[in-house]
Amino acid sequence: MGNNFKMVAKTLFGFEPLLAKELRNLGAMDVKEGVRSVSFVGDKGFMYKANLSLRTAIKVLKPIETFKVFSEEDLYKQIYKIDWENYLDAHETLAIDATVHSEKFTHSKYVALKSKDAIVDRFREKFGKRPGVDLDYPTLRINIHIEKENCTVSLDSSGQSLHKRGYKTATNIAPINEVLAAGLLLHSGWDGQCDFLDPMCGSGTILIEAAMIACNIPPNLNKKEFGFERWKDWDEDLFEMIEASVLKKVRDFHFTIKGYDKAPSAVHKAKDNIDNANLSEFITVEHEDFFKTEKQTERHLHMVFNPPYGERLNIDMPEFYKSIGDTLKQSYPDTDAWFITSNLESIKHVGLRPSRKIKLFNGSLESKLLKYEIYAGSKKAKKQ
């Protein structure tokens, strides 16, 4: 196996097949889908590449120990036994994230606290001083995962969640998570081979992710820092080599990517974020009310959007969804329109039959990603 090791990439519910496919395309070995996660095998360089390149991953974890735990005491002892000094110095800082699915352990915060005690006690007893805790920018971010009685201890190679791409300074009232946006686009089959429109673009996240997919730009290029950059085995030369190799795969884009929003403030924010992502040459944003627009291109159009869903914005939902359906039918021939909604009641007001429905979550809200195919002529003419 050489210097290969197992890693686990975390993702959102419903994105596991997308993430598995991304990993295989990057060259990962032994790819296996789990629940909100995909495990795979690679070396250090691949770990760097995965963090830079994966669009649907939230974290890339490197497991270092697995063991059984039946009590708090077990947990403390097992964590204490790990050679933490191989990963961290006494004057440095740590943070612990815990997830638990177990009858014995019900509070993730408590598991994190108990694990932290074990680690700092080990340092105090060995070196007479102990690492501090820094929840935002620790030297080492540690992940503890307990499933029934199985505990996995991992190092978090990503640091801050990978959805924080680094291009957003401005968000509007209901921003969409970057990983969610990328996943919607990949689920919709977007590959940059036609014109694209987000008719309710908000602060521009879907547009930016669409341009990065179209041009094959690594999504985390603008990220300030990854967790692994603070590790003892950080190899800057290797990282720069990997970064250069992924940048070589960037490709040209020969179509248009356009966004509309009826709020001038959203248009302004979207433009700022697009500038930050260095994608202004690929994306235009216009101040338009989608319901008053019509299709601007003769060519096939691919549309992906996240309409307001009434949770945080005050809208007459049945009327609003009816307008979406009417606008698509009357003004957008030869278009594949995809949108996500958690307002499952409103779907029937669209007045069109979706050709696909994919169950996802937007935060904690159960949602559906829907596809509506609007034909160039009538369906009948299309069939003949």
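Modeller: A compact globule of 384 residues would have a radius of gyration near 21 Å, and the protein chain has 23 Å, which agrees; the radius is taken over C-alpha atoms, and the globule rule is 2.2 Å times the number of residues to the power 0.38. This is a predicted model, in which local features need pLDDT of at least 70 and side-chain atom pairs count only at pLDDT 80 or more, while totals for chains, interfaces and linings use all residues. Residues are numbered from 1 along each chain as its sequence is written, and side-chain values use heavy atoms, with hydrogens and water left out.

Along its principal axes, the C-alpha trace spans about 75 × 45 × 40 Å. The chain holds ten helices and 15 strands, which are DSSP runs numbered from the N terminus (helices are H or I with at least four residues, strands E with at least two). Of the 384 residues, 52% are buried, meaning under 20% relative accessible area with a 1.4 Å probe, protein chains only; over 50% is exposed, and in between is partly exposed. Contacts, meaning heavy atoms within 4.5 Å, also reach along the sequence: among those between residues at least 6 apart, 76% join residues at least 24 apart.

Now for the strand itself, β10, which runs over residues 257-261. This strand is mostly covered, with five of its five residues buried. In a regular strand the side chains alternate between the two faces of the sheet. In β10, Ile257, Gly259 and Asp261 point one way, Lys258 and Tyr260 point the other way, and all are buried.

What does β10 pair with? One partner is strand β9 (residues 195-198), joined in the parallel sense over three bridges; two strands pair if DSSP finds at least two bridges between them. Here Asp198 stands opposite Gly259. Another partner is strand β11 (residues 283-287), also in the parallel sense, over five bridges. Put together, β10 pairs with β9 and with β11, and its five residues are buried.
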